[in-house]
Amino acid sequence: MTKLSVNINKIATLRNARGGNMPNVVKAAQDIEGYGGQGITVHPRPDERHITYQDVSDLQPIVKTEFNIEGNPVPKFIDLVLQNKPTQVTLVPDSVDAITSNAGWDTVRHKDFLKEVITEFKNNGIRTSIFVDPNLEIIKHTVATGADRIELYTEDFASAYEKGDEDAIKPYIACAELANELGLGINAGHDLSLHNIEFFKKNIPGLLEVSIGHALIAESLYEGLEVVINKYLKRLQ
């Protein structure tokens, strides 16, 4: 079964829109785990417009499943990860003004930088994952960085699948097959939803984990977190 890690950034966005502590992200994380979620993902950005650095520290001692911190490995982010030692860190090449993640790493151009950062994290017992586009050359060079896993950036698949193009899965299958050959674990995320997750999971060999936030929270507005989480879990079996 592929694990479901729930990204709670959007819960923090709702809280920040009003100020105060409603909804409470720590309580939300605990509830998500109680409903069957197998991990909690957060993506703190430098402007802290949703998940704050304090949220990360508050969540660290209460997450009982897998804690995944995503972000661009600028010095402040690196310090945050080392202080909190999550189960996994996912490196994402976000620009400061990015609304959401919109591209994966160039593991050829940034190999030395990524290797240095990953070595530091792995020396501290933290599993490492690199956010990548579905590009065979990029994945081939990921091995040299020392990363444990890749996270496939799935926006292109989701957009095409929404229009009825099932062939959009093919580059992802090829990349997953290569990653398996190279000994890289496979995660995936971005625009995955109840509509497309079952098709994606069934076609990607060795898919270990998906990280889903925006769609899951939006779907939960209508059906509730517990119902939606359990629908994902069934589709990921």
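**Exercise 1. Strand β4 and its partner**

Task: In this predicted model, find which residue of β4 N68 stands opposite, and state how β3 and β4 are joined.

Solution. 
1. N68 stands opposite Q88 in β4.
2. The strands concerned, β3 and β4, run parallel and are joined by 4 bridges.
3. Next, look at the two faces of β4. Q88 and T90 lie on one side, V89 and L91 on the other, and these four are all buried.
4. In a regular strand, side chains alternate between the two faces of the sheet.

**Exercise 2. The barrel**

Task: Give the order in which the strands close into a barrel, and the sense of the pairing. Then follow the pairs that involve β1 and β8.

Solution. 
1. The barrel has 8 strands in the order β1-β2-β3-β4-β5-β6-β7-β8, with parallel pairing.
2. From one strand to the next, the twist averages 25 degrees.
3. Start at β1 (residues 3–7), which is joined to β2 (residues 39–42) by 3 bridges, the two running parallel. Within β2, G39 is the residue that S5 stands opposite.
4. Turn to the other neighbor of β1. Strands β1 and β8 run parallel and are joined by 4 bridges. V6 has I212 of β8 as its bridge partner.
5. β8 also pairs with β7 (residues 185–189), in the parallel sense and over 4 bridges. Here the bridge partner of G189 is S211 in β8.
6. Finally, check how far β8 (residues 207–212) is covered: 5 of its 6 residues are buried, so the strand counts as mostly covered.

**Exercise 3. Helices α10 and α11**

Task: Which residues of α10 are buried, and how does α10 pack against α11?

Solution. 
1. In α10 (residues 214–223), the buried residues are A215, L216, I217, E219 and S220.
2. Their packing partners are β1, α1 (9–18), β8 and α11 (225–235).
3. G224 follows α10 and has a positive phi, near 95 degrees.
4. The axes of α10 and α11 are 7 Å apart, and the helices pack at an angle of about 125 degrees. That makes α10 oblique to α11.
5. α10 passes α11 in a right-handed crossing.
6. From α10, the contact is made by A215, L216, I217, E219, S220 and E223; from α11, by L225, V227, V228, I229, K231 and Y232. These residues divide into 8 nonpolar, 1 polar and 3 charged.

**Exercise 4. A loop residue**

Task: Where is A144 found, and is A144 buried, partly exposed or exposed?

Solution. 
1. A144 is in the loop between α6 (136–142) and β6 (149–153).
2. The relative accessible area of A144 is 37%. Buried means under 20% and exposed means over 50%, so A144 is partly exposed.
3. Leaving out residues up to four places away in sequence, A144 touches K111 and K115.
4. A144 and V92 are 52 residues apart in sequence, and 17 Å apart in space from C-alpha to C-alpha.

Technical notes. Residues numbered from 1 in each chain as written. Predicted model: local features only at pLDDT ≥ 70, side-chain atom pairs only at ≥ 80, totals over all residues. Heavy atoms only, no water. Buried < 20%, exposed > 50% of the residue type's maximum accessible area, 1.4 Å probe, protein only. Contact = heavy atoms within 4.5 Å. Pairing = 2+ DSSP bridges. Axes fitted to C-alpha atoms, helices over the stretch in contact; angles between N-to-C directions. Parallel < 35°, antiparallel > 145°, perpendicular 65-115°, else oblique. Left-handed = near helix turned anticlockwise from the far one by under 90°. Nonpolar A, V, L, I, M, F, W, Y, C, P; charged D, E, K, R; others polar.
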